[in-house]
Amino acid sequence: MAFLSDTLARVKPSPTIAVTNKARELKEAGRDVIGLGAGEPDFDTPENIKRAAIAAIESGKTKYTAVDGIPELKKAICAKFERENGLSYKPSQITVGTGGKQVLYNALVATLNPGDEVVIPAPYWVSYPDMVLLAGGTPVFVEGRMQTGYKITGAQLEAAITPKTKWVIFNSPSNPSGAAYSRDELKELTDVLMRHPQVWVMSDDMYEHLTFGDFEFVTPAQVEPGLYDRTLTCNGVSKAYAMTGWRIGYAGGPEALIKAMGKVQSQSTSNPCSISQYAAVEALNGPQDYVIESRKAFERRRDLVVAALNTCPGITCPTPEGAFYVYPSIEGCIGKTSAGGVKIENDEAFAAALLEEAGVAVVFGAAFGLSPNFRISYATSDAALTEACARIKAFCEGLK
Ligand SMILES: Cc1ncc(COP(=O)(O)O)c(C=O)c1O
């Protein structure tokens with residue numbers, strides 16, 4: 001009898017964490033490596049949030065809490081949804097988990113039966129397919145090509161839906177492409193979903209606050225109120241407030257689903273960290289200066305990286321609307337050989353040779369379900385980004 005489960009055998013470890021670890025190992029071995037793999041803001045958590053956490057510790061808020069979140073935080077989340085998204089949820093429609101990741105996972109575990117399909121637009125965040133597989137479902141991919149801004153169309157969504165479809169996972173702005181759907185683009189998708197009443201919508205709005213220029217962020221239940229009763233609107237404080245290590249994510253949705261998700265959490269991890277919950281109350285209710293400042297910095301870096309990458313022979317880099325990622329195509333590099341003698345047969349070979357020969361760590365596109373591409377996280381200093389882009393350019397110029 002095998003010791004490890006069949007379910008686990010269907011799941012692969014996170015390629016983004018693997019790249020981050022590999023870059024760290026090379027650095028520790030004395031190599032000059034610039035890591036552009038990690039998906040987290042390089043800024044520190046704002047002072048007011050840290051102080052709220054310290055106050056929580058000092059006042060003894062260090063015990064178990066209600067499984068799916070303290071009332072103060074649920075109230076702050078309801079206010080956030082109302083204020084920023086025009087969505088009305090009662091506290092009983094809110095769940096809080098240990099990061100956005102747990103919230104999404106709870107929803108899938110609570111609802112998927114073997115054979116249930118989950119539509120996932122590609123390129124996708126690496127964890128969606130594996131979470132679906134862990135929960136016993138079947139991922140179904142729809143490709144958003146570069147020509148359509150890495151977004152899927154209504155016709156593509158329509159074609160992917162079958163009687164077995166239970167969820168569509170929607171992520172705008174997207175990790176890894178940075179693509180964000182305008183109101184009209186999203187309406188095209190919600191119109192399709194209105195014709196399929198058995199399909200639920202899981203909207204992962206983790207990068208909501210990171211959209212640039214005058215782009216207006218919108219979420220499905222807001223664009224199509226007819227979907228409110230079958231939409232789980234997911235969000236978190238990780239990316240918006242530089243709180244990745246604090247592990248607080250949340251969602252609003254129909255009460256029965258929220259209750260079912262709480263049941264999963266009650267028998268797995270129980271409440272998210274009490275101290276982090278009090279910090280998240282301050283993040284949502286307190287001053288929002290950090291959100292504005294970080295958006296400005298990320299927009300500047302996006303422009304820097306897009307401009308620099310588009311001077312690299314063989315690379316085409318569209319300008320994304322949001323998040324802190326770019327997802328350039330390396331179509332023009334395929335079939336060439338690097339200065340170090342590596343044949344660039346696919347994006348995995350490109351990323352491996354780039355790390356080895358130029359000391360730049362990026363994540364290859366196949367990990368996100370759309371090739372030949374790579375992802376750069378530009379959540380690092382302007383100086384590191386400038387140097388990394390110069391190295392990528394030299395590497396591409398060396399391809400023969
Ligand atoms: C699209 C997307 N959703 C969810 C998450 C998970 O966020 P958290 O760190 O809060 O679990 C991430 C983190 O990288 C993400 O990129």
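Glu216 is partly exposed because its relative accessible area is 44%; the class lies between buried, under 20%, and exposed, over 50%, with a 1.4 Å probe and protein chains only. This is a predicted model, where local features need pLDDT of at least 70, side-chain atom pairs count only at pLDDT 80 or more, and totals for chains, interfaces and linings use all residues. Residues are numbered from 1 along each chain as its sequence is written, and side-chain values use heavy atoms, with hydrogens and water left out.

Glu216 forms a salt bridge with Arg183, at 3.1 Å, N to O. The term means a side-chain nitrogen of Lys or Arg within 4 Å of a carboxyl oxygen of Asp or Glu. Glu216 sits in the loop between β6 (200–204) and α9 (220–223), and Arg183 in helix α8 (residues 183–194), 33 residues apart. Helices (H or I, at least four residues) and strands (E, at least two) are DSSP runs, numbered from the N terminus. Arg183 is also partly exposed, at 35%.

By this rule there are 24 salt bridges.

Next, helix α14. Which residue does Glu387 meet in a salt bridge? The partner is Arg391, at 2.8 Å, N to O. Both lie in α14, four residues apart, about one turn of the helix. Glu387 is partly exposed at 36%, whereas Arg391 is buried at 14%. Salt bridges that share partners also join Asp42, Arg300, Arg301 and Asp382 into one network.

Last, a pair within the chain: Asp303 and Arg302 meet in a salt bridge of 3.1 Å, N to O. Asp303 is partly exposed, at 38%, and Arg302 is buried, at 10%.
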